[in-house]
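I set down here what I looked up in this structure.

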Amino acid sequence: MKDELDRQKYPRMPWHDVHCALWGPPCRDIARHFVQRWNYAKRNKAPNEQAIPLLMPQHYMVIPHYKSGSREIEVQTHAGNNHKDIKRQESLSSRSSHQDVPLLMPQEAYGRDTSNGDSKLNLLDRTRDFHDQPSWGRSHFSFRKPKIEPLISAMPLKGFVDDLDSLHDLHELSSDVLVVPGIKTSDKEWWETQERGDQVVSSDETGQVGPRISCHCQVIRSVSQWSSGTSQIEESIHNAYCSLIEKAEHFIYIENQFFISGLSGDEIIRNRVLEALYRRIMRAFNEKKCFRVVIVIPLLPGFQGGVDDSGAAAVRSIMHWQYRTICRGQNSILHNLYDVLGPKMHDYISFYGLRAYGRLFEGGPVATSPVYVHSKIMIIDDCMSLIGSANINDRSLLGSRDSEIGVLIEDKELIDSHMGGKPWKAGKFALSLRLSLWSEHLGLSAAE
């Protein structure tokens, strides 16, 4: 591939991103999400393409419907013809909240079969309560078996074990996960031996992602009918952002590719991350407590063309909505904070961009370039971390548009630290993640 720019004169823009690796039961939630989206895309975009198979979920991959409401689906096949009557019964009662709904496969392929239901233990252990999403523990769910032969042969999803009964301590499992960075466990965990036999994660593989820490983990996402075939819109990433901001005690650190959000009453921008930040800062001001929000975003949107180019409408549009969110007009957070706090608003919230410096080549001229921030993370009080694919804008957070996925990580292992000049128990994963990011951004060592 030919580079259109002379790299002896023009630097390549640095790219900043954050990813994490997971071990344990939450990986099954990610597999559920993948199978659900794959099968829905297959059914709608390539139903007759034999080279693209349906994925058959395992019995433990049947997921319960949303606790706020569920839909019972009955499929009846009349003998002698191919006509099917589909009856749907809406219910918001708790009685249907423990019934599994076949979100992973086309709904028409499933009927209710409770006579021979296989009541396996479904390991869904919510570790956080979000708005309109009550927590739940372990429940029994029956696996719905297809009464109608699928038109396209299904392919089992590999990488999982069918026999959960072989785990003698199944009832003790929860949605704990190992994430990086941190410490390595010396004993083999059950998820490390399910598919690998007696093989433990190799040192080379561990070296690729760093040491691991045991944490509580909740998979969250944005999905809807058009993106995943779900009967309800899910915006658990949006709910997680608002809930975590509300519960923050000392500080919030955010890195995101975009920052477009609205205050209460904004009829154009519908996500309320900005409103949650505003309310939390006002609460800290009224309580006369120290509180800090640090937000890192790109200096310019990463789209083709300069700001003044005739074809750069997308760049100017995104900049307009980000300025509207941050500092321009009555809908911006700095405008509303200044009306109450005055110049003290800068004691509570600040926005930053990143820039790199260096020589283009040995002995060459010194050059500088903005660092394109592509990460989507939030760290709360060095105890909670949110890492995922969702930008802070309506497109990613409302659930009815782009599909997104993320993980909410709560530390189990706490270490001594300081917060606001006082002793504080910080999470080992969250603290190490923030320190590694700040050392990278500020050009300092982790110890400094």
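**Basis.** I worked from a predicted model, in which local features need pLDDT of at least 70, side-chain atom pairs count only at pLDDT 80 or more, and totals for chains, interfaces and linings use all residues. Residues are numbered from 1 along each chain as its sequence is written, and side-chain values use heavy atoms, with hydrogens and water left out.

**Helix pair.** I looked up the packing of H6 (residues 273–286) on H8 (residues 333–341) and found an angle of about 20 degrees, with the axes 11 Å apart. Helices (H or I, at least four residues) and strands (E, at least two) are DSSP runs, numbered from the N terminus. Axes are lines fitted to C-alpha atoms, for helices over the stretch in contact, and angles run from 0 to 180 degrees between N-to-C directions. H6 and H8 are therefore roughly parallel to each other (angles under 35 degrees).

**Residue 415.** I found isoleucine 415 in strand E20 (residues 414–419). At 28% relative accessibility, isoleucine 415 counts as partly exposed; this class lies between buried, under 20% relative accessible area, and exposed, over 50% (1.4 Å probe, protein chains only). I also noted that lysine 425 is 10 residues away in sequence from isoleucine 415, with a C-alpha to C-alpha separation of 5.5 Å.

**Helix H5.** I checked the length of H5 (residues 236–247): its end C-alpha atoms are 16 Å apart, which agrees with the 16 Å that its 12 residues should span at 1.5 Å a residue. The expected span is 1.5 Å times one less than the number of residues. I recorded H5 as mostly covered, with 10 of its 12 residues buried, among them His238, Tyr241 and Cys242.

Conventions:
Parallel < 35°, antiparallel > 145°, perpendicular 65-115°, else oblique.
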